[in-house]
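Please keep the sequence and the coordinates at hand while reading.

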Amino acid sequence: MPRPSSPLPTTRLYAVTHLAAAAFRGSPHADAFTSGSPTIVSPIVFDARLHDSSAVPARALYDPGAGLTIVNRRYAVAHGLKLLPLAARSAARLPNGAVLPISEQCLLPLAIGPSYTAVVRAHCLPLHDDVDVILGMPWSHSADAVMFTRQRQVSVSHKGRRIFLHDAPTPPP
C-alpha cells in the first residue's frame, strides 16, 4: 500500500493591499490593524532592472514579511534567466490560504537606483503582471534592510556603506 504523501513545507507570503486591509474591517483583529479610519499605506515598489547587458526594467515590491524572495516565472523565462530546479520541492502559502508549489529558482542579477547591484537568489512563482520581483525576508536580511515608511525608502548595506533605495513614483490611476 502506498504511503500517504506528506504535505510540502510551506512559507507564508504577505503583501498588504487595499483589498486585504478591507478584509480586516469588522474582524476581531481590526483594532490591531487600524484604529478609527483606516490609513492604508501603499507598498514600496522599486523601479529596478536586470544588471546585465539587457538592463531590462523590473518592478520590485519590497515585502519584508514575505518568507521568500520571488521572481515572476513569466518574467524570468521571457528574459532568459536560467531556471534551476530546487533540491526539494516546497510551497508558498498566500494570505488567502492558497498554496502554490515551488520547484524552481534562479539567480537574478538585480539593480535598483544608481548604485545598488546584487545577484539575488529568487524562487520562481507566477505573480500578477504588475510586479516582477518580490524582495522578501531573505533579501531584507542579506541586505540588512531598514524601511523608512514616511520617506518611502529602504536603507541597505551595500559594498561597505549604507545607501538608500527610493520608492518608484506612483503611476497615475
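The paragraphs below take up the sheet, the aromatic contacts and the salt bridges in turn.

The model is predicted, so that local features require pLDDT of at least 70 and side-chain atom pairs count only at pLDDT 80 or more, while totals for chains, interfaces and linings use all residues. Residues are numbered from 1 along each chain as its sequence is written, and side-chain values rest on heavy atoms, with hydrogens and water left out.

The description begins with an open sheet of 3 strands, in the order E9-E10-E11, with antiparallel pairing. Strands (E, at least two residues) and helices (H or I, at least four) are DSSP runs numbered from the N terminus, and two strands pair if DSSP finds at least two bridges between them. Strand E9 (146-148) and strand E11 (161-166) each have a single partner strand and stand at the edges, so one side of each lacks a neighbour in the sheet. On average, neighbouring strands here are turned by 30° against each other, direction ignored; the axes are lines fitted to C-alpha atoms, for helices over the stretch in contact, and angles run from 0 to 180 degrees between N-to-C directions.

Strand E10 (residues 153-158) pairs with E11 in the antiparallel sense over 6 bridges. Among them, glutamine 153 has histidine 166 of E11 as its bridge partner, and serine 157 has arginine 162 of E11. The two strands E10 and E11 form a hairpin with 2 residues between them, and lysine 159 in the turn has a positive phi of about 55°.

The aromatic contacts come next. The structure holds 4 aromatic pairs, where rings of Phe, Tyr and Trp (its six-membered ring) pair if their centres lie within 6.5 Å, and planes under 30 degrees apart count as stacked, over 60 as edge-to-face and the rest as tilted. Tyrosine 62 and tryptophan 139 form an edge-to-face pair, because their ring centres are 5.9 Å apart and their planes stand at 75°. Tyrosine 62 belongs to strand E3 (residues 57-62) and tryptophan 139 to helix H4 (residues 137-142), so this pair ties together parts that are 77 residues apart in sequence. Both tyrosine 62 and tryptophan 139 are buried, where buried means under 20% relative accessible area, exposed over 50%, and partly exposed in between (1.4 Å probe, protein chains only). Together with Phe46 and Tyr116, Tyr62 and Trp139 form one aromatic cluster.

Which aromatic pair is tilted, at 5.9 Å centre to centre and 50° between the planes? That pair consists of phenylalanine 148 and phenylalanine 164. Phenylalanine 148 lies in strand E9 and phenylalanine 164 in strand E11, so the contact ties together parts 16 residues apart in sequence. Phenylalanine 148 is partly exposed, with a relative accessible area of 30%, and phenylalanine 164 is partly exposed at 42%. Valine 146, placed in strand E9, counts as partly exposed at 36% relative accessibility. Val146, Phe148 and Phe164 form a nonpolar surface patch with about 240 Å² of accessible area together. Patches consist of residues with over 30% relative accessible area and no salt bridge, like charges being joined within 9 Å and nonpolar side chains (Val, Leu, Ile, Met, Phe, Trp, Tyr) within 5 Å; the areas come from the Shrake-Rupley method with a 1.4 Å probe, and for residues only the protein chains shown count as cover.

The charged contacts complete the account. A salt bridge is a side-chain nitrogen of Lys or Arg within 4 Å of a carboxyl oxygen of Asp or Glu, and by this rule there are 5 salt bridges. One of them joins aspartate 47 to arginine 59, with the closest N and O atoms 3.1 Å apart. Aspartate 47 lies in strand E2 (residues 44-50) and arginine 59 in strand E3, 12 residues apart, so that the pair links distant parts of the chain.

Aspartate 129 forms a salt bridge with arginine 74, the closest N and O atoms being 2.5 Å apart. Aspartate 129 lies in the loop between strand E7 (116-125) and strand E8 (133-135), and arginine 74 lies in helix H3 (residues 73-78), so the pair ties together parts 55 residues apart in sequence. Aspartate 129 counts as exposed at 61% relative accessibility, whereas arginine 74 counts as partly exposed at 46%.

Aspartate 144 lies in the loop between H4 and E9 and arginine 162 in strand E11, so parts 18 residues apart in sequence are tied together. Aspartate 144 is partly exposed at 44% relative accessibility, and arginine 162 is partly exposed with a relative accessible area of 37%.
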